[in-house]
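Good morning, and thank you for joining this meeting. I ask you to look at the sequence and the model together while I speak.

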Amino acid sequence: NASSGFPTQHFFGVRDYGTHYAATDGGSSYPFHESDLDSRTMTQDASGNRLLPYAVTTPATHSRGWQIPLNISGVVGERNVSTAAPLYTVGIALLTSLIPGQNQDPCQPGRSGAIIGVCAATGGPAPCTTSSASGGSGTAIVGGLVSNPPIGDPLETLTKVGGGKIIITGVTSGAGGAGNPVLFSGYTPTWRRGGWNELLNQL
């Protein structure tokens, strides 16, 4: 964080209104600034879980998107280094960070960081219907510390057949690397048919 000599980075979600955008509601026109974005405060518990409030911490007067500062207490120099991975069917963005100096174990070398899943429209927890300044209260777990987060490319995700769980490939939970794949429960994707052979055989 900034107090330790590292400038604070953020996750940003900025709405693109297109080239013909005009500030007709009294808000800012391009370029947007941080003051034009709703801000949410992310925290981390003793188990390494990341939490976000359902309510916006600092709402903008005329919101053009959202921001989440990477200023977790005790986590120095956290960086946003990877492109967000979209889960289109549920409107979720999976965000990845890199935390320098967290994995000092020579028997388990590798990167450390965090993965969180937020409502792409609001920056709050899923489901998106409760992630607003007026809906929902308290906080929700939205991710946590992981080993070997991707750097540069978006996450590769798999969906368990029938929905219900999202599996992030190549990433293990816990900064120490427990070896288990990261599972996101509660971010239930829409179950879609992967092949149509059975249906076509009935025609």
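Among contacts in the chain between residues at least 6 apart in sequence, 64% join residues at least 24 apart; a contact here is heavy atoms within 4.5 Å. Please note that this is a predicted model, in which local features need pLDDT of at least 70, side-chain atom pairs count only at pLDDT 80 or more, and totals for chains, interfaces and linings use all residues. Residues are numbered from 1 along each chain as its sequence is written, and side-chain values use heavy atoms, with hydrogens and water left out.

Of the 203 residues, 38% are buried, where buried means under 20% relative accessible area, exposed over 50%, and partly exposed in between, with a 1.4 Å probe and protein chains only.

Let us turn to two residues. His10 belongs to strand β1, residues 10-14, and is buried because its relative accessibility is 16%. Its contacts beyond four places in sequence include Glu34, Gln67 and Asn80. His10 and Arg79 are 69 residues apart along the chain, yet their C-alpha atoms are separated by 8.0 Å.

Where is Ile99 found? Ile99 sits in the loop between β8 (92-98) and β9 (112-119). Ile99 is buried because its relative accessible area is 3%. Beyond four places in sequence, Ile99 touches several residues, among them Arg50, Val75 and Leu145. Ile99 and Arg79 are 20 residues apart in sequence and 6.4 Å apart, C-alpha to C-alpha.

Definitions and conventions:
Helices (H or I, at least four residues) and strands (E, at least two) are DSSP runs, numbered from the N terminus.
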